[in-house]
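My entries follow the display.

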Amino acid sequence: MRDSFTTRPEIRGTFGVVSSTHWLATQVAMGVLERGGNAYDAAVAGGFTLQIVEPHLNGPGGEVPILLWSESEQRMRALCGQGPAPALATPAYFRELGVELVPGIGLLPATVPGAFGAWLTLLRDYGTWELADVLQPAIDYARNGFPLVPRVSQAILAVQALFRDEWTTSRDVWMPDGRVPAPDALFRTPAIAATYTRILNDAHAASGDRRGRIDAALESWYRGFVADAIDAYYTHEAVRDTTGQRNRGLLRKADMADWRATYDEPATTQYGRYTVAKCGVWSQGPVHLQQLAMLRHLGLDGLDPTSPQFVHRIAEAAKLAFADRAAWYGDPDFVQVPLAALLSDAYARQRAAGIGAQASTVLEPGSPDGMPPRLPDLAAAGRTLAASDIRFGVGEPTFAALPPVAEWAAREIFVGDTCQIDVIDRHGNMVAATPSGGWLSSSPVVPGLGFPLTTRLQMTWLDEGVAGQLQPGKRPCTTLSPGLVLRDGQPYMAFGTPGGDQQDQWTVAFFLRHAMGLNLQEAIDAPSWHIDHFPGSFWPRTQTLNRLTVESRLPETTVQALRDAGHEVKVGPAWSEGRISACTREPAAGGGLLLRAGANPRGMQGYAVGR
């Protein structure tokens with residue numbers, strides 16, 4: 001038996017397990033399981049709690065992709081909670097504004113907020129609880145208070161001038177007494193509680209059965225008072241953004257009324273005894289699968305997971321997969337994406353053959369089925385930065401660099417972006433979900449609702465004919481990427497991480513470490529890294545070719561060997577790469593299931609529980 005230190009134990013049980021990016025959401029979800037709810041009820045309750053307690057990472061106006069395993073149906077499904085571009089959002093509109101990229105903050109980059117629709121669709125179709133019961137913890141935290149993690153205070157601090165001078169609806173919510181709230185303070189968002197309470201009251205008045213009440217709540221959100229408030233604000237109010245100007249929004253009630261969360265089949269690839277599943281090419285999920293397909297042929301067996309060979313081969317595979325993302329990925333309802341070719345073993349072998357002992361210094365998309373790749377104008381990033389007001393928004397979640405604050409300097413705080421929750425119940429049902437968007441610092445609060453909306457449209461391009469081109473009704477290719485795994489054909493793991501473009505880098509290394517024998521917590525705790533060798537998904541879409549950022553816990557010999565191989569290595573803090581949550585299930589001796597869970601120690605928010 002291996003005897004190695006981890007930051008916390010790998011959780012083991014038989015009744016249920018939950019792992020998420022915030023301890024309160026984890027415990028809310030476990031509480032649902034304890035009171036007879038299934039994994040879907042628990043995930044929804046935990047997901048709504050994350051909106052309240054991690055408002056810098058997601059919110060009611062954001063989005064969520066969900067992967068699920070249904071034990072009764074014996075199948076995996078993907079549920080798309082990524083909303084599309086508004087009907088008014090066209091490349092011509094933005095060019096007339098004089099910009100080459102969709103701004104990263106403000107009203108212009110809004111898509112239809114899909115999280116509410118996806119969570120309620122999951123609850124309606126697979127859950128057992130009433131909507132009022134799964135919403136109650138979130139309402140209670142919003143009304144009665146929750147402790148602010150230090151990163152929320154820092155996020156508000158970074159944009160306090162914007163809130164005071166321009167986004168006054170956000171000032172009223174996040175600086176209610178005119179000051180930045182202190183870290184760990186008890187904080188309330190009563191307007192969100194009021195919005196959800198009104199939805200519940202309207203739903204109970206509209207229907208006498210559980211399914212009808214959920215449908216009525218969807219009606220209130222997408223075709224009722226929530227949509228009315230969004231339409232009025234986005235139509236009539238002009239707010240400042242990175243263009244340096246005040247602009248009105250493009251999202252309208254008609255855009256929301258026409259949208260529904262939809263199911264589709266996950267994309268999959270095989271790695272040894274494991275079948276790994278991701279959302280389709282409306283997400284970046286297949287880059288995870290492309291990397292595994294290449295790495296099958298790169299001889300990882302027997303390598304130490306902190307060795308230079310292990311890191312180099314994964315980093316180089318990531319460079320190729322993310323180059324393909326830039327050239328080929330887009331909403332499959334609008335674009336013919338050659339996904340089968342991208343995931344084929346023949347293509348993986350061809351791409352893997354191009355990986356040598358030295359680091360690649362060029363962006364190199366491939367030619368699946370012999371088709372020539374097409375990239376957007378990547379020089380637009382530099383021109384955009386030179387012409388933009390960047391005081392309040394660069395990167396994900398598009399807020400300004402955090403100023404040093406003496407009383408917080410000793411805390412190890414990380415840039416946030418997204419959330420994760422994974423649940424497995426005693427029946428074997430599994431959920432992996434990656435909520436994000438509606439960040440408090442990226443768009444102003446909608447009056448009367450208490451929350452801001454997603455800015456995911458910044459992930460589109462204005463270039464004619466590229467796969468990720470902005471089109472009305474088209475989904476941006478989201479970075480959000482939950483994962484499911486089968487082992488020997490049987491359901492095994494739910495996992496995921498925040499991290500934007502890093503999501504399908506950190507989880508690749510995590511999965512490989514686990515497949516090589518590390519338990520969940522060991523695989524999460526191990527030193528990690530990421531590359532920036534591709535156009536970033538977030539405004540202003542910059543890239544840094546051949547940059548490899550590693551945790552300082554990697555051995556010095558590994559770091560030096562990577563530099564000798566030609567990588568431009570940046571050494572970051574010891575615990576700075578990865579935010580992974582994961583749960584597994586397997587048959588237990590004598591019947592039933594043995595359940596396990598692990599959670600990320602970085603940032604001291606993630607937590608796993610189970611019994």
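The entries below go from confidence to sheets, then to helices and loops.

**Entry 1: ground rules**

I am working with a predicted model, in which local features need pLDDT of at least 70, side-chain atom pairs count only at pLDDT 80 or more, and totals for chains, interfaces and linings use all residues. Residues are numbered from 1 along each chain as its sequence is written, and side-chain values use heavy atoms, with hydrogens and water left out.

**Entry 2: confidence**

I looked up pLDDT, the predictor's confidence in each residue, from 0 to 100. The chain average is 94, and 95% of the residues score at least 70. Which elements have the lowest and the highest mean pLDDT? Helix α6 (residues 150-158) is the lowest with 91, and strand β13 (residues 430-433) is the highest with 99. Helices (H or I, at least four residues) and strands (E, at least two) are DSSP runs, numbered from the N terminus.

Over residues 398-416 pLDDT stays under 50. The model has 53 contacts for this stretch beyond four places in sequence, a contact being heavy atoms within 4.5 Å.

I traced an open sheet of 7 strands with antiparallel pairing, in the order β9-β4-β3-β13-β12-β2-β21. Two strands pair if DSSP finds at least two bridges between them. β9 (262-264) and β21 (607-610) are at the edges with a single partner strand each, so one side of each has no neighbour in the sheet. The twist from one strand to the next averages 15 degrees. Axes for such angles are lines fitted to C-alpha atoms, for helices over the stretch in contact, and angles run from 0 to 180 degrees between N-to-C directions.

β12 (residues 421-425) and β13 are antiparallel and share 4 bridges; Ile-421 is placed opposite Ala-433 in β13.

Two helices on the sheet were looked up next. Helix α1 (residues 23-34) lies across β2 (16-20), β12 and β21, at about 160 degrees to β2. Helix α4 (residues 115-126) packs on the sheet and touches β3 (64-70), β4 (75-81), β9, β12 and β13, with its direction at about 15 degrees to that of β3.

**Entry 3: the sheet of 3 strands**

I then followed an open sheet of 3 strands, ordered β16-β17-β18, with mixed pairing. β16 and β18 are its edge strands, each with a single partner, so one side of each is left without a neighbour in the sheet. Here the twist averages 20 degrees from one strand to the next.

β16 and β17 are antiparallel over 3 bridges, and Trp-529 has Val-550 in β17 as its bridge partner. β17 (residues 547-551) and β18 (residues 568-572) run parallel and are joined by 5 bridges. On that side Val-550 stands opposite Val-571 in β18.

Helix α14 (residues 308-328) lies across β16 and β17, at about 35 degrees to β16.

**Entry 4: helix α6**

I asked how many residues of α6 are buried. The count is 9 of 9, where buried means under 20% relative accessible area, exposed over 50%, and partly exposed in between (1.4 Å probe, protein chains only). Arg-151 and Gln-154 are among them. The buried residues of α6 pack against α7 (160-165) and α8.

**Entry 5: loops**

Most residues other than glycine have a negative phi, and most peptide bonds are trans. I noted these exceptions.

- Asp-184, in the loop between α8 (168-174) and β6 (186-187), has phi near 75 degrees and is partly exposed at 44% relative accessible area.
- Asn-546, in the loop between β16 and β17, has a phi of about 65 degrees and is buried at 7%.
- Pro-540 is found in the loop between β16 (529-531) and β17, and the peptide bond from Trp-539 to Pro-540 is cis, with omega near 5 degrees.

Last, I looked up Asn-519, which lies in the loop between α18 (503-515) and α19 (520-525). Asn-519 counts as buried at 19% relative accessibility. A polar atom of the Asn-519 side chain is 2.8 Å from the backbone nitrogen of Glu-522.

Notes
A polar contact is a pair of N or O atoms within 3.5 Å; within protein, one must be able to donate a hydrogen and the other to accept it, and residues adjacent in sequence count only if both atoms are side-chain atoms.
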